[in-house]
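Take each task in turn, try it yourself, and then read the solution.

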Amino acid sequence: MPLSQVFLSADPLAVEPKPEPSVPLSTSIEEDRRLRRMISNRESARRSRMRKQQHLEELTAELNLLKSVNRDLSNRLWTVNQHTHIFRRDSFRLRADSTALRRRLKEIRRILLFRQLQRLAQPATDALCTGFFSGEHNFSSVIV
């Protein structure tokens, strides 16, 4: 619409429809190609978004699985650490008990050896004491 007609019209916002320009046939073919390309690009973008969404869902599922596996492994590790702590504590106690029992056994063996020596020495002591106290005051019998 020419500018002069806009000022003279009653409705300044009214726009007259444009008459169809005579478009050459080559422009129409180019326009069709452009529209087909635009539609193809949109469809391609839609498929790309769908692939991206599917990939995101797969990654989310894998993430959840890995979190679950990680949680299970963490629980197992905690359990193993607890058992290790218990085994070390028990091992320390058992070693201390073993050391105490070895000392006790050594002392018992020493006492037994001492008693055996006393038993072996008893006949000689009895012989010495019998001869000395029987009235014989011969000191030669005491001297060995």
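The exercises below go from the overall picture to single side chains, and the model they use is a predicted one.

**Exercise 1. Overall make-up**

Find how many helices and strands the protein has, and what share of its residues count as buried.

Solution. Start with the secondary structure: it comes to 2 helices and 0 strands. Next, turn to burial. Of the 144 residues, 1% count as buried. Finish with the surface: the accessible area is about 14,000 Å², and carbon and sulfur atoms account for 61% of that area.

**Exercise 2. Confidence**

Work out what the average pLDDT of the protein is, and what share of the residues score at least 70.

Solution. The average pLDDT is 82, and 69% of the residues reach a score of at least 70. Then look at residues 3-8, where the pLDDT is below 50. Leaving aside near neighbours in sequence, this stretch has 3 contacts in the model.

**Exercise 3. An annotated region**

Compare the record with the model: which residues does the "coiled-coil region" annotation cover, and how much helix and strand does the chain have there?

Solution. First, the record. The unreviewed UniProt entry places this annotation on residues 42-76. Second, the model. Over residues 42-76 the chain is 100% helix and 0% strand.

**Exercise 4. A nonpolar patch**

Name the residues that make the nonpolar surface patch of about 270 Å², and decide whether Leu65 is buried or exposed.

Solution. The patch is made by Leu65, Val69 and Leu73. Now take Leu65, which belongs to helix H2, residues 25-133. Its relative accessibility is 53%. Exposed means over 50%, so Leu65 counts as exposed.

**Exercise 5. Charged pairs**

- Arg89 pairs with Asp90, with the closest N and O atoms 3.7 Å apart.
- Asp97 pairs with Arg93 at 3.5 Å, N to O. Both lie in helix H2, 4 residues apart, or about one turn of the helix.
- Glu107 pairs with Arg110 at 2.4 Å, N to O. Both of these lie in helix H2 as well, 3 residues apart, again about one turn.

Now for accessibility. Partly exposed lies between the buried limit, under 20%, and the exposed limit, over 50%.

How values were computed:
Residues numbered from 1 in each chain as written. Predicted model: local features only at pLDDT ≥ 70, side-chain atom pairs only at ≥ 80, totals over all residues. Heavy atoms only, no water. Patch = residues over 30% accessible without salt bridge, like charges linked within 9 Å, V, L, I, M, F, W, Y side chains within 5 Å. Areas by Shrake-Rupley, 256 points an atom, 1.4 Å probe, with all protein chains shown as cover. Salt bridge = Lys/Arg side-chain N within 4 Å of Asp/Glu carboxyl O. Buried < 20%, exposed > 50% of the residue type's maximum accessible area, 1.4 Å probe, protein only. UniProt positions renumbered as here; feature names shortened; annotations may be inferred. pLDDT = per-residue confidence, 0-100. Contact = heavy atoms within 4.5 Å.
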